[in-house]
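Subject: A structure for you to explore

Hi there,

Here is the protein I promised to pass on to you. Have a look around first, and then read on for what turned up.

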Amino acid sequence: MMEINGGSSKMGGFQRLACSVKNYDWGKVGSDSVVAGLCSANSGLEVDPYKAYAEFWMGTHESGPSFVVKSDGNLMNGENGQPQGVTLKSWIQKNPNVLGSEVLKKWGCDLPFLFKVLSVAKALSIQAHPDKGLASRLHESQPDVYKDDNHKPEMALAITEFEALCGFISVKELKDVLQSVPEIRELVGDAYVSQILDFNSEDQEENHVKAQVKSLFTQLMSARKDMISDALSKLKSRLKLKDEITVKERLVLRLERQYPDDVGVIAAFFMNYVKLKPGQALCLGANELHAYVSGDCIECMATSDNVVRAGLTPKKRDVQTLCSMLTYKLDFPDILEGYCVNKYIHKYRPPFEEFEVDRCVLPLGASTSFPAISGPSIFLVANGEGRARTSSSNEETICAGDVLFVPANSEISVNAETQLELYRAGVNSEFLALMANND
């Protein structure tokens, strides 16, 4: 049995949740992992100092469901310490009013978003998430690989310094890469490289440029394994002889140590290298190339687990699907700083209907309120201890590791008994307001 941080499981509008953890090998190990600490606090289980703790899932997706904690505050632990019992999804299906009328109308009887925490020690795969049309086709043809038919736009909000590769570098930067990394020319051939080097950005239409980059990238990602191994060997030898290497070259060598003989190492030259400070966020739409490199982050996305991979992974790769689906935008991604709701709460609202995220940091003794919205929310207490209540409930203690489901139309008041850091994921409130106005 595990006890979930004291208190009752149901606090008026609050429903305490026990959540699933993923122990992928790229996760941070033991107490170095933010995920490990949250998982331990949420479950009551000790952290295994030798195990990787990669992702903490909060939501209804069947690949990592959350479970409703019983009224006595206890929940059975199942295989590998994962919770079991009544899932949040089945509880919502029996209590659909908790979603609010707009969410029910748009998405049916389920949460439209999935909330996660990631602790990344080793780079994740070079990947993209399909749009709805492609997701439906992939799910129909390969349901064992692509588990659902939904798209997966997402946002990563840094908890610690966070590194990622995201999207394609500009044409100017790509030309510099092709001239300074001869191993790429050896892999793809002179013709593909010359097409890019001969670009005149003033004369070329954007779609034509993207088509040429697509051809080049597809050729690279389709290279034979022996050619990739040989190119990486030459690359390492060349860089060792340089007096000074660039930031991107240093990253590439790091990736090669993690994934020897992997084409994704060379693909990193084509991608923007993004470093987020805590409190900064990165948005990723459908069909956008990316790979998380290191750090801890909050992640929110549409409810899906669809990933198309092509590099930096031991998992199944689908190179042709990935290369054909990408947008091939050639620009540095926008970094979201969030905007102030009040002096304690920052809101991050991406251009996606399914979700937004609030970050709240309360100093000792401070209090704040989260206004009622017409959709459901999930709250994660990341650090500290405090008290929380709705207009229809008494105050209850909340602690690090607590995860709370909050129904639609519930205002939440929070008081900090230590410095308190929490995050709220909910349906995009601007979208909900538009839906309400159109009724």
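Let's begin with charge: the mean positions of the 46 positive and 58 negative charges of the protein are 2 Å apart. Here Lys and Arg count as positive and Asp and Glu as negative, while His and the chain ends are not counted; each charge is placed at NZ of Lys, CZ of Arg, CG of Asp or CD of Glu.

Before going further, please keep in mind that this is a predicted model, in which local features need pLDDT of at least 70 and side-chain atom pairs count only at pLDDT 80 or more, while totals for chains, interfaces and linings use all residues. Residues are numbered from 1 along each chain as its sequence is written, and side-chain values use heavy atoms, with hydrogens and water left out.

The overall picture

The protein has 13 helices and 28 strands; these are DSSP runs numbered from the N terminus, with helices being H or I of at least four residues and strands E of at least two. The C-alpha trace spans about 70 × 50 × 45 Å along its principal axes.

Of the 439 residues, 56% are buried. Buried means under 20% relative accessible area, exposed means over 50%, and partly exposed is in between (1.4 Å probe, protein chains only). Among contacts with a separation of 6 or more, 76% come from residues 24 or more positions apart; a contact means heavy atoms within 4.5 Å.

Which residues of helix α13 are buried? In this helix (residues 429-438), they are S429, F431, L432 and M435. They lie on the same side of α13, because they cover an arc of only 155° around the axis, the arc being that of the directions from the helix axis to the C-beta atoms. The face turned away from this buried side carries the exposed residues L434, N437 and N438. Cover for the buried residues of α13 includes α3 (101-107), β20 (345-348) and β21 (356-362).

Some single residues

F217 sits in helix α8 (residues 206-221) and is buried, with a relative accessible area of 0%. Leaving aside neighbours within four places in sequence, F217 is in contact with F168, A267, F270, L289, C323, L326 and Y328.

Y328, one of those partners, lies in the loop between α12 and β18 (335-336). Y328 is buried too, at 2% relative accessible area, and has a positive phi of about 60° although it is not a glycine. L312, in the loop between β17 (308-311) and α12 (319-325), has a positive phi as well, near 55°, and is buried at 1%. As background, most residues other than glycine have a negative phi.

Is E183 buried or exposed? E183, in helix α6 (residues 182-188), counts as buried because its relative accessibility is 4%. Not counting residues up to four places away in sequence, E183 touches A231, K234, L235 and R238.

Finally, find G285 in the loop between β15 (281-284) and β16 (290-302). G285 and E154 are 131 residues apart in sequence, yet 6.5 Å apart in space, C-alpha to C-alpha.

Happy exploring!
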